[in-house]
Every structure is written in C-alpha cells, then in structure tokens.
Amino acid sequence: MSSAPDRRPVLVFGAHPDDIEFGCGGVIAQETRLGRSAHLVVCSRGEAATHGQPEQRVAEAERAAGLLGASIEFVELDGDSHLEVKTVHAITLAGIVRRVRPGVVLAPSPVPNQHPDHARLGQLVRDAARLARYGGVHELRAWLPHRIEQLLFYGLTNESEPGDVTPVLIDISTPETVQMWVAAMEAHASQTSAKKYVDLQLARARLRGLSAGVEYATALFPADPLVYPSLAGLGRGARGF
Ligand SMILES: [Zn+2]
C-alpha cells in the first residue's frame, strides 16, 4: 500500500532575517526541489544587529527565499532583541498557521542558549500550533481551525539543540540541494562577511551526515513523538560508526 505524498506547504518561522537559512535552509531546498511549497515567516527585520541595516537584511532574506524556492513574509512582534512570550503573539502566529494550513511547521529550538529571541519564538510557535486548532479563539475566527501534523525544531548552533530529544535527520546530500542552501546562506552578505556562518552550518551538516552514512544531514527535533502507520514508513537508524 502506498499513500499519496504530502503536498501541504511547510511553514517555517525565524526570529531574524537569516535564522531560517542558517538553521534549516538545506531542508527547505530539499523540500521545494521535491515539489512541496515552503512559506517563511520572519519575525523581525534584524534591526538590532551589529552588521547590516534592516532594509538590507530584508532584501537579503527576500533574495534567499527566492533561491530556496520559498515565499516569505515579515511580521512585527516586539522587534529584534525585544521579543517576549505573550499570548497575543501566539495568536498572531496562530493566524498565520490557519492561513497557510501547513502539514509540517519548523521553528527555532526553545532551548535558551543562543539569541534570546530564538528560544522565545520556539515557545511562541509551539503555543501557536495549539491555538490554531481551537475553534473558539475569537481573534482567529477569520480562518477555519487548523491542526498541523508535526512541529519540528531546528538549532542555529549545536549548543541550542535540545539535548534530551532524539533528532530526525534529513538527508540533504543531493548536490543541487547543497548548492541552493549555500547560495541562500551567502545571500545574507551582511552577516557572512562578519563571521564564518556558512562554514559553521556546512560543518554541522557534514558531521551529522558523515555520522549517519550520508554526505550532509540536518537534525530536526520533534516537539512530540512521531506516529507512523506501520514499521514500513520508518527511516533507517543513523548509526554509521
Ligand atoms: Zn537570529
């Protein structure tokens, strides 16, 4: 028995204009290459950053999204470096979930290690995914309730990955996927000119990949246990050494 492929969009949240590309851009490239649409939601314009003006950073993110084959929108919450976990923000993000109606949602890890906005946005997206399915939330009545299938977290660094969750590894080894990912990261020239962010992310994916017997892999951390209809749908175990 084979089931039809899931063609619902993947919805990806980032706190700053470059987070999505650096954290899980390879996964997005892989999905859009395989025919799934991807929509990126960036929750600030990077206005608190040391490098790059907001207009430049927005333009870089728009170009990067295009290189990944994704659409993009910006939403103003509290602004860069001022994000707080508030119900009103979760409701705003839940409205986006209802409008886009994704299967998979990706969000930054809620582990508070990196930029504080990252972990707070991870918490807000987790709350938003829940509120999106509650029919009685009056602020959300413009859209039908929506139940996502999976929420998975991505890390910007190894240190921000949830240490107590076994990740799902997405094999992004296809050369075209890696090329799209690198181009999207390099589109953030205001950031890559300051630090070796591209090298860092490629090295992370290379280590994950080699450890699992492929060239490159991105680790995603499920917010909940994943449910499979049978053993047949399971991927293989990663152990390669
Ligand atoms: Zn960031």
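Visitor: How many cavities of 30 Å³ or more does the structure hold?

Guide: The general idea comes first: rolling a probe the size of a water molecule over the atoms shows where empty space is left. On a 1 Å grid over the protein atoms alone, a cavity is a set of points where a 1.4 Å probe fits but cannot get out, whereas a pocket is an open set with protein on both sides within 12 Å along at least five of seven lines; lining residues have an atom within 4 Å of a point. The structure holds 3 cavities of 30 Å³ or more. This is a predicted model, in which local features need pLDDT of at least 70 and side-chain atom pairs count only at pLDDT 80 or more, while totals for chains, interfaces and linings use all residues. Residues are numbered from 1 along each chain as its sequence is written, and side-chain values use heavy atoms, with hydrogens and water left out.

Visitor: What is the volume of the largest cavity, and which residues lie nearest its centre?

Guide: A volume is the space filled by probe spheres set on the grid points, which are joined across faces, edges and corners. For the largest cavity the volume is about 100 Å³. Of its 13 lining residues, Gly 23, Arg 204, Ala 217, Thr 218 and Ala 219 lie nearest the centre.

Visitor: Which elements supply the lining of the largest cavity, and how does it divide by class?

Guide: Helices (H or I, at least four residues) and strands (E, at least two) are DSSP runs, numbered from the N terminus. At least two lining residues come from each of α1 (19-33), α7 (197-211) and β7 (217-222), and α7 gives the largest share, 4 residues. In the class scheme, Ala, Val, Leu, Ile, Met, Phe, Trp, Tyr, Cys and Pro count as nonpolar, Asp, Glu, Lys and Arg as charged, and the others, Gly among them, as polar. The lining of the largest cavity has 5 nonpolar, 5 polar and 3 charged residues.

Visitor: At what angle do α5 and α7 cross?

Guide: Axes are lines fitted to C-alpha atoms, for helices over the stretch in contact, and angles run from 0 to 180 degrees between N-to-C directions. Angles under 35 degrees count as roughly parallel, over 145 as roughly antiparallel, 65 to 115 as roughly perpendicular and the rest as oblique. The axes of α5 and α7 cross at roughly 150 degrees and come within 10 Å; the two helices are therefore roughly antiparallel. In their contact (heavy atoms within 4.5 Å), Val 178, Trp 181, Val 182, Met 185 and Glu 186 of α5 meet Val 198, Gln 201, Leu 202 and Ala 205 of α7. This contact has 7 nonpolar, 1 polar and 1 charged residues.

Visitor: Which residues of α2 meet α5?

Guide: Ala 64, Leu 67 and Leu 68 in α2 meet Met 180, Trp 181, Ala 183 and Ala 184 in α5. The contact has 7 nonpolar, no polar and no charged residues. Helix α2 (residues 54-68) and helix α5 (residues 175-186) pack at about 175 degrees, with axes 8 Å apart, and are therefore roughly antiparallel.
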